Amino acid sequence: MLVLSFVFGILSSVPALEYPDYLVKLSEIEMQVLIATFFQAAMAVVYVSIAVLLYPIIKKYNESLATGYLGLRIIGAGFLFAGIGPLLLLLWLSQSYVITSEVNSSYFQITGELLRQGRDILNHIGMVLPWSIGGLILYYCLYKIRLIPRWLSIWGIIGSTFTLLATIMLMLNIIKLVSPVYLILNAPIAFGELVLAILLIVRGFNPHENKSN
């Protein structure tokens, strides 16, 4: 599921939105946009599924933290679902823009920019903010109960902290969404979760659970 969330995240992206003429391009790639909305919804389902599966494991250590982790991941998935709406509206706006050509072009551009910014806020702030806080809870608990190597738990804590920092900086308009700094700050948690996925596929959780603090 961790691998699927990574793959679905790639497939849910629409690079054309970063082009200056995205209102023209979106109508040309209608199927790609629709596929992206499907995989965004699928990614939200996978995120919640992972949280549901991990909940009873974390609950053995601390029920309150487990509930907080699950709740934050559900909230993040809710924002991810909400982000589908602006994308579909952008597709409809693009199709209307192409038909009407230059008539009221400023109206379309302003509306398009509002929808595009709204989607970015939902996907990269509304979703990532609770998701990264949930990640801190998850890896802290995994560090305590030692179901995975402690170095990987520390990696997860650091990666989640960097992602949280990137999200706050994005929210305060200190950095841009498509920038080297944003990508660098989010890279550790992405690679860390891939390593975690490989570890779980190869050997699973450590069967000798250490319940000591």
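**Notes on a helical model**

1. Let's start with R116, which counts as buried at 14% relative accessibility. Here buried means under 20% relative accessible area, exposed means over 50%, and partly exposed is in between, with a 1.4 Å probe and protein chains only. Before going on, note that this is a predicted model, where local features need pLDDT of at least 70, side-chain atom pairs count only at pLDDT 80 or more, and totals for chains, interfaces and linings use all residues. Residues are numbered from 1 along each chain as its sequence is written, and side-chain values use heavy atoms, with hydrogens and water left out.

2. R116 has two partners worth a look. It makes a salt bridge with E18 (3.8 Å, N to O), a salt bridge being a side-chain nitrogen of Lys or Arg within 4 Å of a carboxyl oxygen of Asp or Glu. This pair joins distant parts of the chain: R116 sits in helix α6 (residues 105–126), while E18 is in the loop between α1 (2–11) and α2 (22–28), 98 residues apart. Helices (H or I, at least four residues) and strands (E, at least two) are DSSP runs, numbered from the N terminus. E18 itself is partly exposed, with a relative accessible area of 41%.

3. The other partner of R116 is E113, with the closest N and O atoms 3.0 Å apart. Both residues belong to helix α6, three residues apart, or about one turn of the helix. E113 is partly exposed at 27% relative accessibility. Put together, E18, E113 and R116 form a network of salt bridges.

4. How many salt bridges are there by this rule? The count is three. One of them pairs K25 with D21, at 4.0 Å from N to O. K25 is partly exposed at 28% relative accessibility, and D21 is partly exposed too, at 34%.

5. Next, the backbone. Most residues other than glycine have a negative phi. R146, which is not a glycine, has a positive phi near 55 degrees; look for it in the loop between α7 (128–145) and α8 (150–171). N173 is another non-glycine residue with a positive phi, about 60 degrees, and it lies in the loop between α8 and α9 (180–202). R146 is partly exposed at 33% relative accessibility, whereas N173 is exposed at 54%.

6. Then there is α1 against α9. The two pack at an angle of about 140 degrees, with their axes 8 Å apart; axes are lines fitted to C-alpha atoms, for helices over the stretch in contact, and angles run from 0 to 180 degrees between N-to-C directions. On the α1 side, L2, V3 and F6 meet A190, E193, L194, L196, A197 and L200 of α9, where contact means heavy atoms within 4.5 Å.

7. What about the inside? The largest nonpolar core holds 36 residues, and L54, I58, Y69, L138 and L142 touch the most other members. Such a core is a set of buried Ala, Val, Leu, Ile, Met, Phe, Trp, Tyr and Cys residues joined through side-chain atoms within 4.5 Å. Helix α3 gives the most to this core, with 12 residues. Apart from it lies another core of 15 residues, among them A36, L90, L93 and L115.

8. Q40, in helix α3, is worth a click: it is buried at 2% relative accessibility. Leaving out residues up to four places away in sequence, Q40 touches S12, L80, G83, I84, R119 and N123.

9. Last, the rings. A search of the whole structure finds seven aromatic pairs. Rings of Phe, Tyr and Trp (its six-membered ring) pair if their centres lie within 6.5 Å; planes under 30 degrees apart count as stacked, over 60 as edge-to-face and the rest as tilted. F38 and F39 are edge-to-face, 5.2 Å centre to centre with 75 degrees between the planes. F38 is exposed at 55%, but F39 is buried at 17%. Y47 and W131 make a tilted pair, 6.0 Å centre to centre with 55 degrees between the planes. That pair links Y47 in helix α3 to W131 in helix α7, 84 residues apart. Y47 is buried at 12%, and W131 is buried at 10%.
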